[in-house]
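Hi everyone, thanks for coming. I'd like to walk you through one model today, starting with a single helix and then moving out to the charges and the overall fold.

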Amino acid sequence: MPIEINMLSSATNVKGQGVGSMYMEQVGLIKEMPDCFTVFENNVRLSPITHYHTVDFKFFLSRPLLTSKGASVGYVHMLPESVDGSLKLPWLVKKAFYSYMISFYKGMDFLVTVNPYFVDVLSDKYHIPRERITYIPNFVSGKGFHKVSTEKREEFRRKYNIAPDAFVVMSAGQIQVRKGIFDFLKMAEMLPDVTFVWAGGFSFGSITDGYKEMKAVMENPPKNVIFTGIIDREYMNEIFNIADVMLLASFSELFPVTILEGMCVHLPILLRDLPIYKGILADYYLKASDVDGFVSEIQRLRADKDYYAAASAMSKKGNDFYSKDNVVKMWKEFYTRVYDAIPEKKRKALPSSKKLRAEK
């Protein structure tokens, strides 16, 4: 009988944030294994496994009841270190939120993190037992993100008023100081003959840290910069296909889903040189440590066809590594291990188990 999993999340309530994209991809992946798992979403029910994708307070309050006969799984999409520079909150509110976040994670029976780097952080800094933490990478379906024909690419470029022969560097995600928006704009000023596109907006409005300064720049950007605003996920493949390079100048991240989306299209991936990427991206990307380094890489990618081809091949290799089969296997093994860890007495008390015994 398939293992029942109740997925709880509010991630899709706010447009333009990566957690929502990751939620849809992960749930879609598990639903493709109906022989192994039965998936419910945001359902008030006693299930063997209750998977919390977001740290909502209502989920915190419901956990003792909903997981009384099963196990809880918490998805670690953020830590205090990764939230700093994203939201402008009063000091006391920020301190309380960070404390709550860690309490939420500590209350889980199992945790999943999308970056192995944070296994050590959760264990060593926040004193969560390492055996309760599992690393499973993000996944992006090739159905939604893939390379299109030259004709289709030109059609998308016309839609966004981009010249067919333009060299396009794109970023995607919430507009935040932490995401490197000001460095992105400096690059555009230094490379006036390159088109820069940012797909995303202020998902959290005026409480975004640096909101006024960034909004002022967005209202009067350099001529070679296009801000698309928040794009519905179903149209994001267009954005990746109008680009020549996928750039992410973030100062802190866990594992941005945009990187995997860019790899699906085989775009050269250019990232800030951060320690967190080394354990998950190996040699699948190019890196730079400052604006001058980013500009130098963009210029070389534009001028050197062999260098560009090699960078594109690196991206494709990354896409192959994070294949569906590999990630499916990891989730299947994880959920099975969680289920097996539930005491048999608790499992038998579940409504679904009682129903099964009655049917037998």
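Let's begin with helix α5, residues 117–125. Helices here are DSSP runs of H or I with at least four residues, strands are runs of E with at least two, and both are numbered from the N terminus. Which residues of α5 are buried? They are Phe118, Val119, Val121, Leu122 and Ser123. By buried I mean under 20% relative accessible area, with exposed being over 50% and partly exposed in between, using a 1.4 Å probe and protein chains only. The cover over those buried residues includes β4 (71–76), α4 (91–106), β5 (110–113) and α11 (275–281), where a contact means heavy atoms within 4.5 Å. Just after α5, His127 takes a positive phi of about 60°.

A word on the source: this is a predicted model, so local features need pLDDT of at least 70 and side-chain atom pairs count only at pLDDT 80 or more, while totals for chains, interfaces and linings use all residues. Residues are numbered from 1 along each chain as its sequence is written, and side-chain values use heavy atoms, with hydrogens and water left out.

Now to the charges. The structure holds 17 salt bridges, each a side-chain nitrogen of Lys or Arg within 4 Å of a carboxyl oxygen of Asp or Glu. One of them joins Lys31 and Glu41, at 2.6 Å from N to O. Lys31 sits in helix α1 (residues 18–31) and Glu41 in strand β2 (residues 37–41), 10 residues apart. Lys31 is partly exposed at 43% relative accessibility, and Glu41 is partly exposed at 34%.

Two further pairs each stay within a helix. In α6, Glu155 and Lys152 lie three residues apart, about one turn, and their closest N and O atoms are 3.6 Å apart. In α13 (residues 305–321), Lys316 and Asp320 are four residues apart and bridge at 3.3 Å. An α-helix has 3.6 residues a turn, so residues three or four places apart point the same way.

Back to Lys152 for a moment: its C-alpha atom is 8.7 Å from that of Asn241, 89 residues away along the chain.

Finally, the whole protein. How many helices and strands are there? The count is 16 helices and 12 strands. Of the 360 residues, 54% count as buried. Residues 24 or more positions apart make 72% of the contacts with a separation of 6 or more. The C-alpha atoms fill a box of roughly 70 × 45 × 35 Å along the principal axes.
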